[in-house]
Amino acid sequence: VVVVVVPNTLFLYFLFHVLLLKAKDLVRKLILVDPKKRLSVDEALEHPFMKDEVVRSRVKAKQDDYRTRRLETGNTQTSQLKRRADRLEGNGELPAKKDKNLM
């Protein structure tokens with residue numbers, strides 16, 4: 001085995017390997033068939049993988065990006081409700097669905 005040591009490369013490899021092991025452990029504990037042995041939501045949130053700062057910062061960044069995109073595109077729950085309300089007919093019901101058999 002030849003190990004080429006480049007500054008930070010070995011550290012990043014080690015960090016990734018540790019995170020991968022933690023992630024595998026979490027998934028294994030979440031997919032157990034026996035509900036008594038399976039992790040609860042609270043236990044999963046307390047798992048070392050979920051507590052890892054690298055994971056937490058990446059998840060936070062993804063959440064922020066998701067929220068920003070939803071606001072920019074107007075794809076929010078409020079705007080969805082408004083679009084549904086705009087589609088309502090005068091009788092207060094959604095337009096009737098067309099029967100595919102009649103076409």
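Mentor: Exposed means over 50% relative accessible area, and buried means under 20%, with partly exposed in between. Keep in mind that this is a predicted model.

Trainee: Why is Glu46 called exposed?

Mentor: Its relative accessibility is 52%. The cut-off for exposed is over 50%. So Glu46 counts as exposed.

Trainee: What makes Glu46 and Lys51 a salt bridge?

Mentor: Their side chains meet at 3.3 Å, N to O. The limit is within 4 Å, from a Lys or Arg side-chain nitrogen to an Asp or Glu carboxyl oxygen. The pair of Glu46 and Lys51 therefore qualifies as a salt bridge.

Trainee: Why is Lys51 called partly exposed?

Mentor: Lys51 has a relative accessible area of 39%.

Trainee: Where does Asp52 lie, and what does it touch?

Mentor: Asp52 sits in the loop between helix 3 and helix 4. Leaving aside residues up to four places away in sequence, Asp52 touches Leu19 and Lys22.

Trainee: What makes Asp52 and Lys22 a salt bridge?

Mentor: The closest N and O atoms of Asp52 and Lys22 are 3.3 Å apart. The cut-off is within 4 Å. This pair links distant parts of the chain, 30 residues apart: Lys22 belongs to helix 1 (residues 9-30), and Asp52 to the loop between helix 3 (48-51) and helix 4 (53-73).

Trainee: What makes Asp64 and Lys60 a salt bridge?

Mentor: Their closest N and O atoms are 3.2 Å apart. The limit is within 4 Å. Asp64 and Lys60 are 4 residues apart in helix 4, so about one helical turn separates them.

Trainee: How do you know that Asp64 and Lys60 are both partly exposed?

Mentor: Asp64 is at 30%, and Lys60 is at 48%.

Trainee: Which residues are linked in a network with Asp64?

Mentor: Salt bridges link Lys60, Asp64 and Arg67 in a network.

Trainee: How many salt bridges does the rule give?

Mentor: The count comes to 5.

Note on methods:
Residues are numbered from 1 along each chain as its sequence is written. This is a predicted model: local features need pLDDT of at least 70, side-chain atom pairs count only at pLDDT 80 or more; totals for chains, interfaces and linings use all residues. Side-chain values use heavy atoms; hydrogens and water are left out. Helices (H or I, at least four residues) and strands (E, at least two) are DSSP runs, numbered from the N terminus. Buried means under 20% relative accessible area, exposed over 50%, partly exposed in between (1.4 Å probe, protein chains only). Contact means heavy atoms within 4.5 Å.
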